[in-house]
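Morning, everyone. Please have the model open while I talk. I'll go through charged pairs, then a surface patch, then a sheet.

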Amino acid sequence: METLAQIFNNKMFRIPDYQRGYAWEKPQLEDFWKDLNWLGPRQKHYTGMLTLRPVTRGPLNFPENAPHSVYHLVDGQQRLTTSYLLLNKLVARSNGTVAGQPLPIIVHTYLSASLGNERIEIFGYDSAVKMNFLRTLIQNDFQENKFEKAQKISPRNVYEMNLLEASEFLNKKITTLTQEEIDSLFVRLTQQFVFDIHYVESSFDVCAMFESINYRGKRLTKFEVLKNRLIYLTELIGQDKPQLQLQTQALRENIDSVWGSAFDWFGSGSKPLDEDDFLQQHTIMYFGALRREKEALDEVLFKQQFSTDRLRSTHEEPLALNELEEYVENIRISSELWAFQHSCINIVSTSPFPASKEVVDWLLRLNRLGMRHFKPLILGSLNRLSDPNTTENIETLASLLKAIERFIFIVYGLCDNYANHPSKTYFGDHGWYIFYNETGYSFPEIVDDINEYIESYDEDGEFEGAFNATRFIDKAHARFIGDKGWSDWNEIRYFLSEWETHFSDACGDVLSQKVYDYSSIEQS
């Protein structure tokens, strides 16, 4: 067990690019603050585990003869980041000393060290963009304390917003503290908070550790576990093969980079996207439909496609590096497309294809209505359109999205069918077909297939499509018998927003975005 004073002794810390950003919100910050304030003078508080991995190269301009050792923070990012933010704020509000220690010594130990001709932060990110955001937050603490104008901060994603809100939370907690109270808080933070420190010596151990932590019950997403499985397999493929060293190292670095980029995309909207939802829908698109979905995702990814069994030379389909490279590259493309698919409209200009306003409008509609089992099909269609050799275009994509929206509204909205409707199975592999450009699955052909599923007739002319008018009428009657009326219909808000949009457009009016956010339905 080590205190922060011991942990920061001649050490520097960097958060690797592949990790997601700062995730703590107000409940976790409140717990942190309570733990810190309830400590008695001689009490110790177990704060959690930190997992550190030595890195051979330091930050930019890091001198070779520096006394500091540099570590990647593999686990414990949230706790140490919050502690670092608070340390900076306490120093910024102090004059001359903190808890009897001169400020220059405290700054050199915890905040930034003067090494040669450079000042280098003790704690931060490998990513220059993330580092600049954290640096601006820290600089504002010192500028505000000197009554200087703070720099404007514009978070790029939800993780930077969390970091900004954590900074503001801590500001409110300490803004009225006296110097004596600041000294007491500093002592509790640096000498009474204790951490369980684990050092990991190699990348192989990092991968194994992440998977073992996950299966012991620590909440890691499948997307995070998959990253480490891919790194693990890369290392095993290159083991004792010097001729593959450069290729495996490049792939290893690319996996880190792609996952870091994916976390940024998933956090680029006002609400973070569920990375395991992405992984499930991407798996359906890339490998085909899943049966018994909850169990099947683990089965397909970890026991079939990316199993160590495939490293045996006797396996019927041995795993090769180029297969991993192609998969990782598509994760890179698809994570950006997934963010676009879920209405991160600000990224349209950087998408791999020129999105039109009509496509954006249909995606907005589908996000409000719910994409249901069409998510892999939509992701596959965006992938297909991003292929420079595609014969599809933005107009045929818009027609496809329109057909999907119509299907969902009719089959699930009007007819009020359950989630396990047969169409889920029927369209289950369409994302795979469209992704691999299978014959008979062009955008127009799928539109025809969707429309025929809704309204088709048998050889005798009897209607056998998915639209069931009797079911719709019976459900509508049941709502009014129960005295709830249309307010009991899940799609009423969506219907009213579309109805208002239609008539607003017809009249040439500009519709307010508020139409998409009905919070209540007035009953007359």
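Glu498 makes a salt bridge with Arg368, and their closest N and O atoms are 2.9 Å apart. By salt bridge I mean a side-chain nitrogen of Lys or Arg within 4 Å of a carboxyl oxygen of Asp or Glu. Arg368 sits in helix H14 and Glu498 in helix H21, so this pair ties together parts 130 residues apart in sequence. Helices are DSSP runs of H or I with at least four residues, strands are E runs of at least two, and both are numbered from the N terminus.

Some housekeeping. This is a predicted model: local features need pLDDT of at least 70, side-chain atom pairs count only at pLDDT 80 or more, and totals for chains, interfaces and linings use all residues. Residues are numbered from 1 along each chain as its sequence is written, and side-chain values use heavy atoms, with hydrogens and water left out.

Back to Glu498. Which arginine does Glu498 meet at 2.7 Å, N to O? That is Arg365. Arg365 belongs to helix H14, residues 357-369, and lies 133 residues from Glu498.

Buried or exposed? Buried means under 20% relative accessible area, exposed means over 50%, and partly exposed is in between, with a 1.4 Å probe and protein chains only. Glu498 is buried at 17%. Arg365 is buried too, at 16%. Arg368 is partly exposed at 25%.

The whole structure has twelve salt bridges. Another one is Glu121 with Arg135, 2.6 Å from N to O. Glu121 is in strand S8, residues 118-121, and Arg135 is in helix H5, residues 128-145. Glu121 counts as buried, at 16%. Arg135 is partly exposed, at 28%.

**Surface patch**

Helix H21, residues 492-507, also holds Phe495. Phe495 is partly exposed, at 35% relative accessibility. Together with Trp499 and Phe503, Phe495 forms a nonpolar surface patch of about 320 Å² accessible area. Patch members have over 30% relative accessible area and no salt bridge; like charges are joined within 9 Å, nonpolar side chains (Val, Leu, Ile, Met, Phe, Trp, Tyr) within 5 Å. Areas are Shrake-Rupley with a 1.4 Å probe, and for residues only the protein chains shown count as cover.

**The sheet**

Last, an open sheet of six strands, ordered S1-S10-S3-S4-S2-S9, with mixed pairing. Strands pair if DSSP finds at least two bridges between them. S1 (2-3) and S9 (123-125) are the edges, each with a single partner strand, so one side of each has no neighbour in the sheet. S2, residues 11-15, runs parallel to S4, residues 69-75, joined by four bridges. Phe13 stands opposite Tyr71 in S4.
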